[in-house]
Amino acid sequence: MTNSQLTDILLRLGDDSLVLSQRLGEWCGHAPILEEDIALTNIALDLLGQTQSYLTLAGNLLSETKTDDELAFHRDATDFQNLLLLEQPNGHFGDTIARQFLFDIFSLLKVQHLASQSVNTDIAAIAAKAVKEIRYHVDHSSKWVVRLGDGTPESHDRIQKSINDLWKFTGEMFMCDESDNAGTQAGLLPDYTSMKIEWLSRVEDTLNEAGLTIPENVDMKSGGRRGQHTEHLSIMLEEMQVLPRLHPGANW
Amino acid sequence: MSNNNWPLWEVFIRSKQGLSHRHVGSLHAADAEMAIGNARDVYTRRQEGVGIWVVPASDITSSSPDDSEKLFDPANDKVYRHPTFFVLPKEVDHM
């Protein structure tokens with residue numbers, strides 16, 4: 001595994017959690033109830049903490065080292081390597097929960113492996129802390145999927161549509177390029193094929209419990225890992241980055 | 001944010017092992033499981049607790065303020081009942 005492959009792996013971890021964190025932060029003051037408003041922003045803050053750790057490590061590996069802030073605020077959309085799923089707009093509460101649920105299960109499986117490997121102890125330490133947080137995220141989003149799916153006819157139909165709409169972005173989670181393959185071969189990353197089987201079985205269990213189904217014959221979309229994003233990312237980044245770009249180095 | 005019809009729950013947090021649960025506030029939730037989750041998010045995110053109880057507010061019976069004379073005044077003038085003459089050893093923490 002080369003330095004640049006390890007950087008890709010770290011940027012993907014960091015960008016996934018950063019972009020999702022920003023999206024969840026957009027719910028602040030807008031969630032359906034106060035308690036859920038706090039829950040979503042708590043999760044956003046967990047993800048932001050993970051982002052800081054991953055991006056700090058990534059920045060140290062660059063030939064011209066960069067801080068986590070520089071990576072977060074001074075890269076353009078084409079330099080971000082997050083999954084397309086995570087940059088999708090919040091939509092309604094069910095859309096946000098569906099996006100979160102599909103990612104949380106994936107993230108738990110990936111980070112559990114990162115915590116147990118001994119190839120890179122820095123990453124293992126970050127992951128060991130993150131696993132506890134992600135377990136709670138899985139719990140939170142899974143219970144909501146069941147509540148909505150098993151709730152009223154309207155909530156059932158709406159969360160089913162959310163799952164259907166977002167399903168096309170799930171294939172990308174398990175696609176590997178050279179960096180991923182190198183990570184897997186070194187033992188840092190899990191084997192994506194078996195991770196996909198495990199993910200599908202867990203997702204299916206919860207959807208079954210919720211009375212929901214997995215959509216069939218969906219054309220998968222990808223590109224996020226290569227910096228080819230949907231238009232939503234640049235719009236989101238514009239808001240996220242405007243202040244540090246207008247006032248570089250500002251402190252408050 | 002809209003109002004909802006979810007029931008109100010009273011939240012009790014145990015801040016440390018060995019201490020008793022204390023009432024910290026209330027919140028709305030559809031069921032007990034959600035109430036625990038919400039309590040975790042609303043009341044323990046700054047390391048306030050190691051244990052949570054949630055109780056449906058409707059299940060709590062409280063004394064009426066109108067009855068306070070009858071309930072509490074009689075204890076006031078019976079100094080011999082007040083356990084203030086004893087010095088507690090330091091080891092008996094949190095009694």
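1. Start with the sheet in chain B: it is open, has 3 strands in the order 2-1-3, and the pairing is antiparallel. Strands pair if DSSP finds at least two bridges between them. Strand 2 and strand 3 (51-56) of chain B sit at the edges with a single partner strand each, so one side of each has no neighbour in the sheet. From one strand to the next, the twist averages 30°.

2. Before going further, some housekeeping. This is a predicted model, in which local features need pLDDT of at least 70, side-chain atom pairs count only at pLDDT 80 or more, and totals for chains, interfaces and linings use all residues. Residues are numbered from 1 along each chain as its sequence is written, while chains are lettered from A and ligands numbered from 1 in the order in which they are written.

3. Back to the sheet. Strand 1 (residues 8-14) of chain B pairs with strand 3 of chain B in the antiparallel sense over 6 bridges. To find your way, look for B:Arg14, which stands opposite B:Gly51 in strand 3 of chain B. Helix 1 of chain B packs on this sheet, where it touches strand 1, strand 2 and strand 3 of chain B, and its direction makes about 130° with that of strand 3 of chain B. Contact here is for residues whose C-beta atoms, placed from the backbone, lie within 7 Å. Angles run from 0 to 180 degrees between N-to-C directions, and axes are lines fitted to C-alpha atoms, for helices over the stretch in contact.

4. What pattern does chain B follow along the sequence? The pattern is β-β-α-β-α. Helices (H or I, at least four residues) and strands (E, at least two) are DSSP runs, numbered from the N terminus. The radius of gyration of chain B is 18 Å, well over the 12 Å that the globule rule gives for 95 residues, so chain B is more spread out than a compact globule. That radius is taken over C-alpha atoms, and the rule is 2.2 Å times the number of residues to the power 0.38.

5. Chain A has 10 helices and 0 strands. Its radius of gyration is 18 Å, close to the 18 Å from the globule rule for 252 residues, so chain A is as compact as a globular protein of that length.

6. Now two helix pairs in chain A. The axes of helix 1 (residues 3-25) and helix 2 (residues 34-61) of chain A come within 7 Å and cross at roughly 155°. They are therefore roughly antiparallel to each other (over 145 degrees; under 35 is roughly parallel, 65 to 115 roughly perpendicular, the rest oblique). By class, their contact has 17 nonpolar, 9 polar and no charged residues. Ala, Val, Leu, Ile, Met, Phe, Trp, Tyr, Cys and Pro count as nonpolar, Asp, Glu, Lys and Arg as charged, and the others, Gly among them, as polar.

7. Helix 5 (residues 93-116) and helix 7 (residues 153-166) of chain A pack at about 50°, with axes 9 Å apart, and are therefore oblique to each other. Residues that meet include A:Gly94 and A:Leu102 from helix 5 of chain A, and A:Ile159 and A:Leu166 from helix 7 of chain A. This contact divides into 5 nonpolar, 2 polar and 3 charged residues.

8. Finally, where the chains meet, chain B gives 12 residues and chain A gives 11. Helix 1 of chain B gives the most to its side, with 5 residues.

Methods:
Two residues are in contact if their C-beta atoms, placed from the backbone, lie within 7 Å.
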